[in-house]
Amino acid sequence: MQNLLRVALAQISPVWLNKAETLKKVEQSIIDASKENCELVIFGEGLVPGYPFWLALTGGAEWNTKVNKALHAHYVRNSVTVEDGDLHAICELAKANKIAVYLGIIERPLDRGGHSVYASLVYINEKGEIKSVHRKLQPTYDERLTWAPGDGNGLQVHPLKDFTVGGLNCWENWMPLPRAALYGLGENLHIAVWPGSDHNTKDITRFIARESRSFVISVSSLMSKNDFPKDTPHLDEILVKAPDVLANGGSCIAGPDGEWIVEPVLHKHGLIIETIDFNSVYEERQNFDAVGHYSRPDVTQLHVNRERQTTVKFNK
């Protein structure tokens, strides 16, 4: 039935700062989700190759230190370059299993020179086609020490059965205008990806659902002190201040009425599976539609620049 969508929230841990091994875990999660007849599988923010936890543990803002330079270089080497085909196997799996994928990556894009990295959210449709790569507009706090700010090119939505799906990275979900941009494109299934922890997901998930009268799926990763690989540069310095749990999950689903379908799930590794019914969207839009009957475009409008930003443009 077109109105029903079976979704899988992949709450897993990365093989931290190891692109190849983390991609293997992503691939296995896609296979597992397909065995459960899922039609969409979602992974957390920056899962491949992982969140830059070292910044808060090694004095990340300290200028010109060998520790932070070495960790940043290791991070960049393990980041994802879409143009080089790093996601080819993921696309092939999506196509073979007819399953759509939202995947959080640390992207090293060639159209920005190939040296800076971005927290990006990639949408791969059920045909295995990469339809959007959304680079996080504004890295949060110490994230700015390693991630570059993105652009509006990835503010896109995509058809999936009766649904129109879009997504944002982490604290972007608190930004009213990017949310409004997706609402204006007809979004009714909102994907919010996070590095982990219910203190992020427990309030904003229901708020966005109530505001937009959409389904909202928040997906987080897991990370414990024991998940740091032994070959991590300067591991001893990281472990001195690392808490036992750095990311506890908190993946969840709220319905268009703002009520929980799946409350935040903590410390559980694996797939969280649910079937959602599009008809609930129309029911809740009856009394509020933020960009439809409950809007005044003659008074307030949002203008969005979706041009992919590059430093240099060459005339052919």
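Which residues lie nearest the centre of the largest pocket? They are Ala180, Val291, Thr300, Gln301 and Leu302, out of 20 residues that line this pocket. Keep in mind that this is a predicted model, where local features need pLDDT of at least 70, side-chain atom pairs count only at pLDDT 80 or more, and totals for chains, interfaces and linings use all residues. Residues are numbered from 1 along each chain as its sequence is written, and side-chain values use heavy atoms, with hydrogens and water left out.

**Largest pocket**
- Helix α4 (residues 176-184) gives the largest share of the lining, seven residues.
- By type, the lining splits into 12 nonpolar, four polar and four charged residues.

**Second largest pocket**
- This one has a volume of about 400 Å³.
- Tyr51, Asp142, Glu143, Pro195 and His199 are the closest to its centre among the 19 lining residues.
- At least two lining residues come from each of α5 and β11 (245-254).
- The lining here comprises 12 nonpolar, five polar and two charged residues.

**Surface patch**
- Trp171, Trp174 and Phe207 make up a nonpolar patch on the surface, with about 340 Å² of accessible area together.
- Phe207 sits in helix α5 (residues 198-212).
- Phe207 is partly exposed at a relative accessible area of 39%, where buried means under 20%, exposed over 50% and partly exposed in between (1.4 Å probe, protein chains only).

Methods
Patch = residues over 30% accessible without salt bridge, like charges linked within 9 Å, V, L, I, M, F, W, Y side chains within 5 Å. Areas by Shrake-Rupley, 256 points an atom, 1.4 Å probe, with all protein chains shown as cover. Salt bridge = Lys/Arg side-chain N within 4 Å of Asp/Glu carboxyl O. Helix = DSSP H or I, 4+ residues; strand = E, 2+ residues; numbered from the N terminus. 1 Å grid on protein atoms, 1.4 Å probe; cavity = no way out; pocket = protein on both sides within 12 Å on 5 of 7 lines; lining within 4 Å. Nonpolar A, V, L, I, M, F, W, Y, C, P; charged D, E, K, R; others polar. Points joined across faces, edges and corners; volume = space filled by probe spheres on them.
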